[in-house]
Every structure is written in structure tokens, then in C-alpha cells.
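I opened my notebook to look into the inside of this structure.

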Amino acid sequence: MSARSPSSAYTQRFDAVLAYIDAHLDGDLSVSALSQVASFSPFHFHRQFGAFVGVPVSRYVQLMRLRRAAHGLLARAELSVLNAALQAGFESPEAFSRAFRRAFGMSPSAFRKAPSWHVWNTVFVIPHFSRTVAMQVQIVNISPVRVAALEHCGPPELVDRSVDTFIQWRMQSGQSPVESNRSFGIPYGNPDTTPAHEFRFAICGEIRETVAVNEFNIRELTIPGGRYAVVRHAGSPDHIGETIYPIYRDWLPNSGEELRDQPLFFEYLSVYPETPKDQWQTDIYVPLR
């Protein structure tokens, strides 16, 4: 067996640091603590982290804390600004609000009422993630896939409610057992630019027979076959835009490829709650000509 390359070992040490940050946002994320995670010298850690990730360590930690708090406010109506701030590691709601306003140009409460996904994805651009995605794109050919689909219409942050309805149908009908049949999602618009009341998203499960008449408004669709660029997103699907944007911004212009006129789709490789959402893996399929 060949020895692991120095660059691979270096990358793994930083991956461990990034994973540690994500898992301990409410804990001690000082330079001293983080440098120990990867066995780096505290004296050089600032420069190493900035060179590898593309932003200073303090900025990265604050961005990850902002992301957790902001997502909590959007996903959980009962969550107060105070608890969102404390759960994300901010010392006070005032510190959270100041950091949020600097990043988003509005208060947390205002963003909660009218989220701007374009601003969200601008704020959370991390150069390291863009480089990683660019190296992991694969071109594949797939066959058409028959699916049962429930179309969600309305704000993106309410998709989970429609997912619960689809799960009920899946369990009651037995037509798309999650143990043996793949799960997909099809966004029919960009949540960053589509008005919330017009956003559409199909929640899908693979089928091998005709969908029976049902009270859940489930219908049959076919995901077209053909050529696709595939990128794997690691982590919660709620943050999948952070993987999608670099495909269009960084990979596509240099690939020589042209896009097909159809929506991209997601294949969910993990099952909740067996796998916590922050450990999910999701393949993103971008249609190519």
C-alpha cells in the first residue's frame, strides 16, 4: 500500500478542523483549541487556515454561527432570537443582531419575515468549498426514472411539511418503500429569485408500478434520462445552495458543457432520522446536453 500523500494528509487535518467547528459552534473555537484539533502550531494556524479555507478563522467561525442561527429562525417558528443566538454560540442576542445586520443588511427579525436567498448565498460564499466542488464534478449518463411525486407550492422553508405528507403516503401505500427505492427532489425554480408564493418543489420516491388513486395528491412523473453533471453535497440539504452555486459560478464556465432546458434534481442518499441531517449526503444532478 502506498503512503498517503502530504497534501492528502494536510487536507484531512483541515477537514477535521472544519468538522469540529460545525459540531461545536456553541463551544470554545479559539485558535488555541482549533490548532490542537489538527495538531498545528498556534503560531502559524491563522495563516494556514486563511490560506486553506480562503477566509480568516474568526470570520469563518462567525459565518458558521450566523448560518446556524439564521437557519434556525427560518425553520422553527417557535425559536426566539435569544435562543437562536445562544444555540449558535453567540454571547448575547445583541452580539448576534449586530453581526447579522453587518452581514445581511437587516435585522434577524426582518430576514425571518422576508428571507433573501440571494443575499444568503452571497454572505456564505467560502472559497474552499468552491474549490472542493470544482474537483468533484462527474459526468454520468442515466436512464429515465419513474417516480411518485408530491408538488409543494409555497415558501421554501415550509417544504418539510410537504415532506411529512409524502412520507405518510409512502408508508400507507407501500408503493415506494424507502428501504429499496430511491428518493429525489426537483426544484422548479431558484428559491433565491422566485417569489415565495410561486416556489414549486417536487418530493419524489422511485416506483415500479402505476401510482394508485390517493388522497395525498401524489402523481406519477418521470425524471428524464441523459447526461448529467453530478456533485455530492455533504451536510444538511437546507444548505445545498452552497454546493449548487459553485457549479454554475466556477465549474460550468470552464467545462465546455451546455445545460439542458430542464430542472436539476437531487438524489437523497441518507434517511432521516436514522442519519442526522448534518451528516446527510445528497447528489445534485445538473442536466447537460
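I started with my rule for elements: helices (H or I, at least four residues) and strands (E, at least two) are DSSP runs, numbered from the N terminus. This is a predicted model, where local features need pLDDT of at least 70, side-chain atom pairs count only at pLDDT 80 or more, and totals for chains, interfaces and linings use all residues. Residues are numbered from 1 along each chain as its sequence is written, and side-chain values use heavy atoms, with hydrogens and water left out.

Entry: I set a 1 Å grid over the protein atoms alone and called a cavity a set of points where a 1.4 Å probe fits but cannot get out, with lining residues having an atom within 4 Å of a point. Which element gives the largest share of its lining? That is α11, with five residues. Among the lining residues I noted Phe124, Ser130, Glu242 and Arg249.

**Entry: cores.** I took a nonpolar core as a set of buried Ala, Val, Leu, Ile, Met, Phe, Trp, Tyr and Cys residues joined through side-chain atoms within 4.5 Å. Buried means under 20% relative accessible area, exposed over 50%, partly exposed in between (1.4 Å probe, protein chains only). The largest core has 39 residues, and Ile21, Phe49 and Tyr60 touch the most other members. Helix α4 (57-75) is one of the elements that give it two or more residues, and α4 brings the largest share, ten. With contact as heavy atoms within 4.5 Å, I listed partners of Ile21 beyond four places in sequence, including Leu29, Phe49 and Met64. A second, separate core of 27 residues includes Phe166 and Tyr268.

**Entry: His71.** I found His71 in helix α4. His71 counts as buried because its relative accessibility is 19%. Leaving out residues up to four places away in sequence, His71 touches Trp120, Asp238 and His239.

**Entry: cysteines.** I counted a disulfide as a pair of cysteine sulfur atoms within 2.5 Å, and the total came to zero. Cys153 counts as exposed at 51% relative accessibility, whereas Cys204 is buried at 1%.

Conventions:
On a 1 Å grid over the protein atoms alone, a cavity is a set of points where a 1.4 Å probe fits but cannot get out, and a pocket is an open set with protein on both sides within 12 Å along at least five of seven lines; lining residues have an atom within 4 Å of a point.
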